[in-house]
Amino acid sequence: MPFWFARGLRRGVVTTHYPARPDRSAALLPTPPAFRPRQLTRAAADRLVAVCPSGALSRPDDALIFDVGRCTACGRCAEAAPDAVTPSGEFELASTARSALVKKIPIYGETR
Amino acid sequence: MSPSQDTPGQDTPGQDLSQAARQLRDTIAVQFGRSLHIRTLDTGSCAVCEQEIRLLSAPHYDLHRLGFFFTPAPRHADLLLVTGPMVRAFGEAARKTYKAIPGPKVVMATGACALGGVYPADPFVHGNVGEVLPVDVWVPGCPPSPLALLQGLGVAVGRLAEKTPGLTFIAGQDIAGGAG
């Protein structure tokens with residue numbers, strides 16, 4: 001008994017303080033991608049749409065539509081276009097409106 | 001509770017919800033500010049969401065410190081935590097579970113399946129929890145981490161602010177400008 005007591009004292013409280021203070025483990029989470037519009041061309045965007053396994057990406061016209069709700073943070077888009085896609089680091093994504101999770105990403109690569 | 005809180009989503013899921021949801025959230029912030037009971041509902045998920053939900057009770061996350069509790073009975077629940085793509089065979093059971101929860105109540109759709117990713121609608125799945133239940137809070141992730149679930153619960157009871165309306169998912173212009 002004294003051993004686990006001493007060990008417990010040494011390690012301190014393991015419970016996160018999350019809503020009050022940020023949790024360090026959040027940095028390790030896989031997160032949805034963020035895009036760099038200047039690096040995106042229409043062809044590159046179409047490649048990303050094709051590579052997304054959960055249908056989170058679409059390109060109905062001259063912009064990339066990213067449905068965060070459908071994203072599984074698998075990282076395949078970041079693998080397909082590492083210069084245009086990077087992990088966003090956002091995990092606090094709860095939303096009361098489904099439409100707030102659908103984001104429009106402009107494509108600037110063409111006009112450069 | 002006011003009797004109207006049972007009806008909004010039942011007949012017309014997905015319509016006129018924002019107003020009702022706002023009223024509901026205000027009520028819930030008052031009623032359940034410090035104590036909220038959660039009933040989980042698996043509508044055909046792969047059980048990884050359940051794994052993350054179970055972790056909420058583990059020492060690291062310990063959701064009881066925030067006044068959230070799991071309950072095995074819908075009649076005792078305030079919040080319905082739904083996972084999975086809503087298998088069609090489960091639709092009726094989901095509706096009954098929702099009906100069994102006394103108002104005011106909150107429905108939280110959890111995970112990419114529940115939000116319409118992964119499984120498109122087909123003869124076997126609705127492909128979206130919103131097809132059957134009036135969802136108040138959407139929590140993306142595959143699976144959503146316990147931290148994301150905690151934030152979702154905070155948003156559901158009005159204790160935490162939503163961040164999503166402000167997020168663009170466009171990487172910082174300085175990085176993009178520097179490279180291109």
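Two residues are in contact if their C-beta atoms, placed from the backbone, lie within 7 Å. The legends below describe a predicted model, in which local features need pLDDT of at least 70 and side-chain atom pairs count only at pLDDT 80 or more, while totals for chains, interfaces and linings use all residues. Residues are numbered from 1 along each chain as its sequence is written, and chains are lettered from A and ligands numbered from 1 in the order in which they are written.

**Figure 1. Overview of chain B, with 6 helices and 5 strands.** Helices (H or I, at least four residues) and strands (E, at least two) are DSSP runs, numbered from the N terminus. Along the sequence, the elements of chain B follow the pattern α-α-β-α-β-β-α-β-β-α-α. Chain B has 180 residues, of which 47% count as buried; a residue is buried if 20 or more other C-beta atoms lie within 10 Å of its own, exposed if 12 or fewer, and partly exposed in between. Among the contacts in chain B with a separation of 6 or more, 81% are between residues 24 or more positions apart.

**Figure 2. Helix 5 (residues 146-156) of chain B, a mostly covered helix.** Of the 11 residues in helix 5 of chain B, 11 are buried, including B:Pro146, B:Leu150, B:Gly152 and B:Ala156. The cover over these buried residues includes helix 3 (48-55), strand 2 (68-70), strand 3 (79-83), strand 4 (106-110) and strand 5 (137-139) of chain B. Just after helix 5 of chain B, B:Gly158 adopts a positive phi of about 75°.

**Figure 3. Strand 3 of chain B and its two parallel partners.** Two strands pair if DSSP finds at least two bridges between them. Strand 1 (residues 36-42) of chain B is joined to strand 3 of chain B by 5 bridges, and B:Leu41 has B:Val82 as its bridge partner. Strand 4 of chain B also pairs with strand 3 of chain B over 5 bridges, where B:Thr83 is partnered by B:Thr110. Strand 3, helix 4 (residues 91-100) and strand 4 of chain B form a right-handed β-α-β unit (with the strands pointing away from the viewer, the path from the first strand over the helix to the second runs clockwise).

**Figure 4. The side of chain B that touches chain A.** Here 44 residues of chain B are in contact with 42 residues of chain A. Helix 2 (17-31), strand 5, helix 5 and helix 6 (173-179) of chain B each supply at least two residues of this side. Helix 5 of chain B gives the most, with 7 residues. By type, the residues of this side of chain B are 25 nonpolar, 14 polar and 5 charged (Ala, Val, Leu, Ile, Met, Phe, Trp, Tyr, Cys and Pro count as nonpolar, Asp, Glu, Lys and Arg as charged, and the others, Gly among them, as polar).

**Figure 5. An open sheet of 3 strands in chain A.** The strand order is 2-3-5, with antiparallel pairing. Strand 2 (57-58) and strand 5 (102-106) of chain A are the edge strands, each with a single partner strand, so one side of each has no neighbour in the sheet. Strand 3 (residues 63-67) and strand 5 of chain A are joined by 5 bridges, and A:Ile65 stands opposite A:Lys104.
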